[in-house]
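Here is a friendly walk through one protein chain, from the overall picture down to single residues. Please keep the sequence and the 3D view at hand as you read.

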Amino acid sequence: MSIMTAMKNGKNDVNAIPAGEVRTALETILASSVFINAPRMCRLLRFLVEKAISGAVRDTSEYAIGIEVFDRDPAAYSVSEDPVVRVQIGRLREKLKVYYATLGSGSCIEISVPIGSYMPVIRAMSAVDIDFKQCCMLVIHPFKCISYHGDNAHFTQGLNEELMHQLFKAFGKIIVPHSFFTSGDTDTESRTLKNVSNAGANHRLEGSVQIDAESIRASIRVVDVSVGCITWSEQFDRDAFFAITLQEELASSICGSLKSFFGHE
């Protein structure tokens, strides 16, 4: 028996993965330190993967999962009153992201649960996918705010936090110097830069944010730490308004550009 993979570059992938290989990948995930101490999460993932293998889409409704995995009483269970499935599926998505960003970065098979669905997507990872996850380890330095105003500095700090979150989801292993969270000193920063190659990072992400009354400009660059030269640079201009949505959008644009750059590289 084989299972159809999906979501390959945003399109359906008609290549089939043998069910035995999917189960082997599943057991590797469940035995990892990310999952081994979470028996209920393991039970949930095993249930979903087995349903995906058998093609039993109807059996992965919220109600069915509540009954089969979380032992809810069919006579009393109401999905509108008991959010256990929604909560645990959300946690499962995050655990899978952590696994594939760390221990499973070299996996040949990826299992994910897309938002809006309880049916897992199982796809074969290409050599390009695996190389991207393994080779693009970044050390991230906080962007400097070079417009001196309290709101500007707070906006820049929020952008740093949002970008760190999105880069972790996209790249997996990222290194965050202590100065990301504290002002730090020049000597500490210098020592950090000298040690990033030893820590496994091959690129350093840095930049600045300028803000005036009408616009925001984020100037971002990537430095190849092995040779100390800039390998990518881009500017992101936006209308000035201090909102979380702008931080999210800017971080998403920066992250997307970086993925394109490293994919091309």
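## Overall build

Of the 265 residues in the chain, 46% are buried; here buried means under 20% relative accessible area, exposed means over 50%, and partly exposed is in between, with a 1.4 Å probe and protein chains only. This is a predicted model, in which local features need pLDDT of at least 70 and side-chain atom pairs count only at pLDDT 80 or more, while totals for chains, interfaces and linings use all residues. Residues are numbered from 1 along each chain as its sequence is written, and side-chain values use heavy atoms, with hydrogens and water left out.

The chain holds 8 helices and 10 strands, taken as DSSP runs numbered from the N terminus (helices are H or I with at least four residues, strands are E with at least two). Among contacts with a separation of 6 or more, 56% join residues 24 or more positions apart; a contact means heavy atoms within 4.5 Å.

Helix α1 covers residues 19–30, and its 12 residues should span 16 Å at 1.5 Å a residue; the end C-alpha atoms are 16 Å apart, which agrees. The expected span is 1.5 Å times one less than the number of residues. Buried in α1 are Ala-19, Val-22, Ala-25, Leu-26, Ile-29 and Leu-30. They cover an arc of only 135° around the axis, so they sit on the same side of α1; the arc is that of the directions from the helix axis to the C-beta atoms.

Helix α2 (residues 39–54) has 16 residues and reaches 23 Å from first C-alpha to last, close to the expected 22 Å. Its buried residues include Met-41, Cys-42, Leu-44 and Leu-45. Just after α2 comes Gly-55, with a positive phi of about 75°.

## Leu-30, where α1 ends up

What does Leu-30 touch, leaving aside residues up to four places away in sequence? Its partners are Phe-35, Ile-36, Cys-42, Leu-45 and Arg-46. Leu-30 lies in helix α1 and has a relative accessible area of 7%, so it counts as buried. Met-41 is 11 residues from Leu-30 in sequence, and their C-alpha atoms are 8.9 Å apart.

## Aromatic pairs

A pair of aromatic rings is described by the distance of the centres and the angle of the planes. Rings of Phe, Tyr and Trp (its six-membered ring) pair if their centres lie within 6.5 Å; planes under 30 degrees apart count as stacked, over 60 as edge-to-face and the rest as tilted. The count by this rule is 2 aromatic pairs. One of them is Tyr-63 with Tyr-77, a stacked pair at 5.5 Å centre to centre with 25° between the planes. This pair links distant parts of the chain, 14 residues apart: Tyr-63 is in helix α3 (residues 62–68) and Tyr-77 is in the loop between α3 and α4 (84–101). Tyr-63 is partly exposed at 37% relative accessible area, whereas Tyr-77 is buried at 9%.

Trp-232 and Phe-261 form a tilted pair, 6.1 Å centre to centre and 35° between the planes. Here the link runs between strand β10 (residues 229–239), which holds Trp-232, and helix α8 (residues 244–264), which holds Phe-261, 29 residues apart. Trp-232 is buried at 11% relative accessible area, and Phe-261 is buried at 13%.

## Cysteines

A disulfide is a covalent bond between the sulfur atoms of two cysteines. With a disulfide taken as a pair of cysteine sulfur atoms within 2.5 Å, the count is 0. Is Cys-108 buried or exposed? Cys-108 is exposed, at 54% relative accessible area, while Cys-255 is buried at 6%.

Asp-71 has a positive phi of about 55° although it is not a glycine. Asp-71 sits in the loop between α3 and α4 and is exposed, at 54% relative accessible area.

Ser-215 is in strand β9 (residues 215–224) and is partly exposed at 30% relative accessibility. Beyond residues up to four places away in sequence, Ser-215 touches Gln-210, Arg-238, Asp-239 and Ala-240. Asp-237 is 22 residues from Ser-215 in sequence, with 7.0 Å between their C-alpha atoms.
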